[in-house]
Amino acid sequence: MSEGETFKATTVTVRGCTVAMLRGGKGEPLLYLHGANGAGRTLPFMEALAERYDVLVPEHPGFGGSDEPDWLDNIHDVAYFYLDFMQSIDLRGVHLVGMSLGGWIALEIAVRDTARLKTLTLAVPAGLRVAGLKTGDPYAWSPQETMRQAFHDPKVAEAAIAALPENVEADDTFLKNRSTFATLGWEPRLHDPHLEKWLHRIDLPTRIVWGADDNFLSADYAAEFAKRIPGSEVTVIPECGHLLHVEKPAEFVSAIDSHIEAQKAEAQKTEAGKAGARKAGVSAS
Amino acid sequence: MKFFYFHLMPYADVDLDAVKAVGTSWVKLPNSNYDPKKGAALYNRYLDEMERAEALGFDGVGVNEHHQTAYGMMPSPIVTASALARRTKRVKIAILGSALPLRSHPLTIAEEHAMIDNITEGRLITGFVRGIGAEYHVFGVDPTESHGRFHEAHELIIRAWTEPGPFEFFGKYYRHRYVNVWPRPYQQPHPPVWIPSQGSQETIDFAAHPDRKYTYLHTFSPTVAVAKYLNMYRERAEEYGYTASTDKLGWAVPIYVGETDAKAMAEAKTHFENFRNIFAKMPIEFLLPPGYTSRESMKRVIAAKQSMFADLTLEAAIEHGMMICGSAATVRDRLVDYQKELRFGNLLTLLQFGTLPADLTAANAERFARDVMPSLREVGEDAVPEAVDA
């Protein structure tokens with residue numbers, strides 16, 4: 001795990017399962033759940049978020065430097081793990097941000113328990129299957145093909161390919177991440193048929209962010225999620241592929257920021273309204 | 001040694017250029033490339049070839065299972081074995097094998113194999129495999145569960161064949177309130193089990209275990225690999241405290257017998273190279289989906305990627321022992337040498353491969369049966385049969 005000026009490598013152990021984590025910045029806690037390629041490196045979007053938030057980027061159980069617990073069988077196990085994780089380090093008022101596979105985990109967390117969460121940002125989340133909408137099959141792609149599919153700009157893709165470890169298919173972390181990715185998403189393919197039934201339970205300010213040119217999950221999925229999550233809003237980033245946190249980090253950070261700021265303003269307005277009502281002697285019940 | 005006529009039943013009429021354009025005959029080659037009229041003719045031709053094997057004196061016929069591919073038209077080896085069950089009278093019918101993790105209910109395999117064993121009055125050889133990587137893409141079975149499902153399904157099937165039912169079985173993957181398979185197998189306690197594989201320590205340990213002593217069949221590999229894994233089986237057996245008899249070891253290899261060495265080479269070349277370089281080819285993402293095998297095995301395969309995925313000429317295949325080709329005398333000599341080196345007791349001959357047409361396949365089988373097989377019968381037979389466990 002590589003740390004930088006801002007981010008420090010640490011570990012968290014929850015009921016015998018140790019996960020590696022990068023943590024940096026000051027402010028309200030922002031828990032970022034990574035996608036299938038894993039985490040473990042400080043990326044520019046993380047640095048930007050750390051200017052305003054206490055950013056926590058754990059590697060999911062079964063990924064990177066984290067343990068591979070025997071109990072890890074499906075996406076629900078990861079969701080329950082993170083509920084325990086937030087409890088064990090007593091995170092409260094969390095801004096939860098999930099990317100792709102991590103977005104799906106965030107959804108599975110949010111339909112179960114939102115008590116420790118303040119806002120939800122879903123970047124290109126998996127988890128839902130809508131007949132007729134185009135999806136790619138990352139399990140059938142080589143690492144190089146995955147990168148070519150992941151970006152709108154071929155130059156960004158070529159740079160990402162050049163940055164792959166040498167002989168990436170035999171890389172330990174690659175093999176580990178890919179195996180856990182299969183455990184979580186192979187069947188049913190990258191969705192949970194039962195999740196859709198409970199999306200109405202998400203009682204958080206929710207922002208859905210999509211790259212307009214996503215080859216993994218068509219940008220049409222943004223509206224499908226929005227239909228099912230009460231009060232949620234959609235931001236579509238133009239000229240952007242699936243890995244939007246890499247291709248358009250400024251736009252991604254701005255989508256998260258504006259969402260959190262809007263929620264703060266809304267909360268202040270509500271508080272002010274309550275105070276005004278008290279002054280006027282009106283019962284707030 | 002015992003001789004089996006092994007067939008893959010390729011869709012030999014496939015448009016080879018279409019396969020080359022898609023890059024593989026597996027999973028992604030559109031099934032619009034399958035012409036049912038041509039396919040029907042091939043099915044009947046191949047079944048005729050296997051039935052003929054009995055008249056030619058083979059000890060058995062072998063069939064296998066592959067899905068959504070022109071490489072083999074046998075998504076169900078049970079269907080092929082059933083078609084052969086009443087058209088043959090003497091030969092063993094070896095299903096090599098049924099892919100256990102691909103079935104949502106492996107008890108159906110226990111039932112169907114037991115039916116064939118009854119219909120043939122005990123001529124069934126059962127084989128169990130995991131299915132190759134591409135098939136995990138086809139069926140949406142999580143490849144990281146492949147080993148777990150294989151072992152649990154195997155336990156369920158063997159218990160269903162050997163323990164009085166009804167009993168309960170509650171595993172991680174398969175749960176049955178009632179296990180009570182009808183019919184019971186004809187052979188008691190159950191049909192012989194063969195394990196076809198391209199080699200892994202885990203598979204050898206499993207097959208050689210004294211509770212099982214399953215026949216290990218090494219398929220389509222360079223002889224250095226065949227030697228390594230057959231030796232590994234013998235060593236594991238010694239460590240387990242017994243000596244493995246040659247009938248516990250088998251080798252599957254394409255063979256072509258021509259009138260002369262030169263004629264054999266000329267007749268086999270294109271068809272073998274089609275088999276190896278067009279029908280068998282698939283991208284690594286299909287061959288090795290994530291978690292399908294241990295990370296160390298993955299790394300070994302990837303390290304050998306260049307040689308594994310490169311095209312192979314007939315000449316190079318012969319040099320590596322991945323093909324035996326020549327006049328009857330040449331093939332006989334090679335087999336005697338290989339048997340000395342590898343010490344197998346079962347030879348699974350692939351006498352039709354790739355696009356090899358009916359006339360050449362028939363001539364190949366006739367020559368092999370007439371001019372090669374008889375003199376090799378005694379080769380590789382143990383002087384003293386393995387003592388039966390008390």
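**Close-up 1. The hairpin of β6(B) and β7(B).** In this predicted model, strands β6(B) and β7(B) form a hairpin with four residues between them. Strands (E, at least two residues) and helices (H or I, at least four residues) are DSSP runs, numbered from the N terminus. Strand β6 of chain B spans residues 167-170, and three bridges join it to β7(B). The two run antiparallel; strands pair if DSSP finds at least two bridges between them. B:Phe169 stands opposite B:His176 in β7(B). Is strand β7 (residues 175-179) of chain B largely in the open or buried? Of its five residues, the number buried is zero, so β7(B) lies largely in the open. A residue is buried if 20 or more other C-beta atoms lie within 10 Å of its own, exposed if 12 or fewer, and partly exposed in between, with C-beta atoms placed from the backbone.

Residues are numbered from 1 along each chain as its sequence is written, while chains are lettered from A and ligands numbered from 1 in the order in which they are written. Local features need pLDDT of at least 70 and side-chain atom pairs count only at pLDDT 80 or more, whereas totals for chains, interfaces and linings use all residues.

**Close-up 2. B:Asp359 in helix α15 of chain B.** Helix α15(B) covers residues 358-376 and holds B:Asp359. B:Asp359 is exposed, with 9 other C-beta atoms within 10 Å. B:Gly62 is 297 residues from B:Asp359 in sequence. In space, the two are 21 Å apart, C-alpha to C-alpha.

**Close-up 3. The buried side of helix α4 of chain A.** Helix α4(A) runs over residues 143-150, and A:Thr146, A:Met147 and A:Ala150 are buried in it. They cover an arc of only 95° around the axis, which puts them on the same side of α4(A). The arc is that of the directions from the helix axis to the C-beta atoms. These buried residues pack against α5 (154-162) of chain A.

**Close-up 4. The largest nonpolar core.** This core has 110 residues. A nonpolar core is a set of buried Ala, Val, Leu, Ile, Met, Phe, Trp, Tyr and Cys residues joined through C-beta atoms within 7 Å. Those with the most contacts inside it are B:Val61, B:Ile93, B:Tyr233 and B:Ile255. Strand β10 (residues 249-258) of chain B gives the most to this core, with seven residues. Beyond its neighbours within four places in sequence, B:Val61 is in contact with residues including B:Phe4, B:Met50, B:Leu84 and B:Ile93. Contact means C-beta atoms, placed from the backbone, within 7 Å.

Technical notes: Contact = placed C-beta atoms within 7 Å.
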